[in-house]
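Please describe the sheet of this model, the helices around it, and a few backbone details.

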Amino acid sequence: NPATGRYTVSFIEGDGVGPEISKSVKEIFSAAKVPVDWEVCEVKPLLVNGVTTIPEPAVKSINKNLIALKGPLATPIGKGHRSMNLTLRKTFGLFANVRPARSVEGFKTTYSDVDLVLIRENTEGEYAGIEHVIVPGVVQSIKLITREASERVIRYAYEYCRAVGRPRLVVVHKSTIQRLADGLFVTVAKEMASEFPDIKLETELIDNTVLNVVSNPGQYTDAVSVCPNLYGDILSDLNSGLSAGSLGLTPSGNIGHKVSIFEAVHGSAPDIAGQNKANPTALLLSSVMMLNHMGLNEYADRIEKAVLSTIAAGPETRTGDLAGSASTSSFTAAVIGKL
Ligand code: NAD
């Protein structure tokens with residue numbers, strides 16, 4: 001709203017621990033005086049003509065506000081439902097999944113210098129869902145790569161490099177085997193390189209990437225990586241495992257041409273739901289990515305620093321998943337104290 005300088009953001013609080021971690025984000029945003037007003041959307045999965053569908057009021061809210069923050073959504077089992085996350089991706093054309101993975105100071109893991117950013121193509125590849133039984137015992141599964149989808153995710157990755165000041169773009173592929181499919185992805189990146197003379201393009205076979213990341217993750221701190229869908233799915237969890245030892249701290253952003261949705265990577269944690277035990281960090285760091293995306297960088301930096309220094313302060317202010325004794329609400333209060 002240009003008159004008030006405030007932004008309205010759609011908020012899908014989600015299932016299980018979703019409402020508890022969402023409450024934490026809302027309280028911290030209020031304390032930090034972030035100029036964001038939330039429009040809470042219910043996203044209970046609907047089956048319309050046998051197809052999983054997002055309720056119309058939520059679709060309207062997100063199309064109006066263009067930005068959403070999302071807690072975890074449980075996928076109903078055995079009712080013919082498709083994953084709600086896949087449905088959201090399709091509904092809003094979210095073509096790029098951005099997954100930063102950074103070591104958390106004060107929380108010891110194998111490496112202390114992980115600072116990786118991976119951008120995953122989010123719409124095609126092996127996830128195109130084209131599979132056939134040719135004859136019993138022989139199946140065919142098709143990996144679809146198009147120039148259009150490759151161009152939009154690779155362009156976004158180049159632009160992301162510029163926006164965050166990382167001078168290298170690493171295209172991760174296996175074009176030695178997938179000559180046409182990954183070959184096209186790599187070709188598109190090379191063709192686009194002349195538009196981004198300030199970014200150094202490198203290509204790397206995925207087997208080399210895996211070896212490099214687990215032996216010395218620090219070598220990618222000045223890079224952004226981009227890759228087709230399935231490689232991105234696997235590599236992004238590897239990166240999270242190296243940085244935090246779990247997915248519990250990992251934020252993500254799903255970027256489309258119009259709409260962007262930011263969300264924690266973890267699920268609804270039904271085993272601890274309603275017990276004031278959940279760690280809100282992943283959703284908080286997703287909200288920090290969201291604020292950076294919106295250009296509200298100063299608010300993002302303040303909240304990020306407060307969250308990370310609360311974790312670094314020791315086990316009394318950490319939640320149980322990080323071997324601490326804090327509850328969701330006492331962690332939240334500690335973050336607000338740091339603000
Ligand atoms: P999960 O991530 O919910 O839980 C795995 C383990 O991690 C559990 O022990 C849980 O207690 C713990 N955990 C997760 N988030 C935590 C947090 N914030 N703080 C502390 N501990 C946390 O994975 P799951 O059990 O496989 O899935 C449960 C449900 O979530 C399923 O319905 C699944 O479909 C859904 N899911 C949703 C998303 C999403 O919306 N992005 C992602 C994955 C799973």
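## The model

This is a predicted model, in which local features need pLDDT of at least 70, side-chain atom pairs count only at pLDDT 80 or more, and totals for chains, interfaces and linings use all residues. Residues are numbered from 1 along each chain as its sequence is written.

Helices (H or I, at least four residues) and strands (E, at least two) are DSSP runs, numbered from the N terminus.

Ten strands make up an open sheet with mixed pairing, and their order is 2-1-5-14-13-6-7-12-10-11. Strand 2 (36-40) and strand 11 (200-205) are the edge strands, each pairing on one side only. Direction ignored, neighbouring strands of this sheet are turned by 25° against each other on average. Two strands count as paired if DSSP finds at least two bridges between them.

Strand 1 (residues 7-12) pairs with strand 5 (residues 67-70) in the parallel sense, over three bridges. Here Ser-10 stands opposite Ala-68 in strand 5.

## Helices on the sheet

Helix 6 (residues 206-215) packs on the sheet and touches strand 10 (168-173) and strand 11. The direction of helix 6 makes about 100° with that of strand 11. Helix 7 (residues 229-244) also packs on the sheet. The strands touched by helix 7 are strand 6 (94-102), strand 7 (115-121), strand 10 and strand 12 (223-227), and its direction makes about 160° with that of strand 7.

Such angles run from 0 to 180 degrees between N-to-C directions, and axes are lines fitted to C-alpha atoms, for helices over the stretch in contact. Residues are in contact if their C-beta atoms, placed from the backbone, lie within 7 Å.

Is strand 13 (residues 251-256) mostly covered or mostly open? Strand 13 is mostly covered, with five of its six residues buried. A residue is buried if 20 or more other C-beta atoms lie within 10 Å of its own, exposed if 12 or fewer, and partly exposed in between, with C-beta atoms placed from the backbone.

Strand 13 pairs with strand 6 in the antiparallel sense over four bridges. In this pairing Val-98 has Gly-253 of strand 13 as its bridge partner. Strand 13 also runs antiparallel to strand 14 (residues 260-264), joined to it by five bridges. Pro-251 stands opposite Ala-264 in strand 14. Three residues lie between strand 13 and strand 14, and the two strands form a hairpin.

## Helix 9 and helix 10

Two packed helices are described by the angle between their axes and the distance between the axes. The axes of helix 9 (residues 297-312) and helix 10 (residues 328-338) come within 8 Å and cross at roughly 120°. Helix 9 and helix 10 are therefore oblique to each other; angles under 35 degrees count as roughly parallel, over 145 as roughly antiparallel, 65 to 115 as roughly perpendicular and the rest as oblique.

In the contact, Ala-306, Val-307, Ser-309 and Thr-310 of helix 9 meet Phe-331, Ala-334, Val-335 and Lys-338 of helix 10. These residues divide into five nonpolar, two polar and one charged. Ala, Val, Leu, Ile, Met, Phe, Trp, Tyr, Cys and Pro count as nonpolar, Asp, Glu, Lys and Arg as charged, and the others, Gly among them, as polar.

## Two loop residues

Lys-33 is in the loop between helix 1 (18-31) and strand 2. Its phi is near 55°, a positive value in a residue other than glycine. Lys-33 counts as exposed because it has 10 C-beta neighbours inside 10 Å.

Leu-66 is in the loop between helix 2 (56-65) and strand 5. Leu-66 is not a glycine, yet has a positive phi of about 70°. With 17 C-beta neighbours inside 10 Å, Leu-66 counts as partly exposed.

Technical notes:
Contact = placed C-beta atoms within 7 Å.
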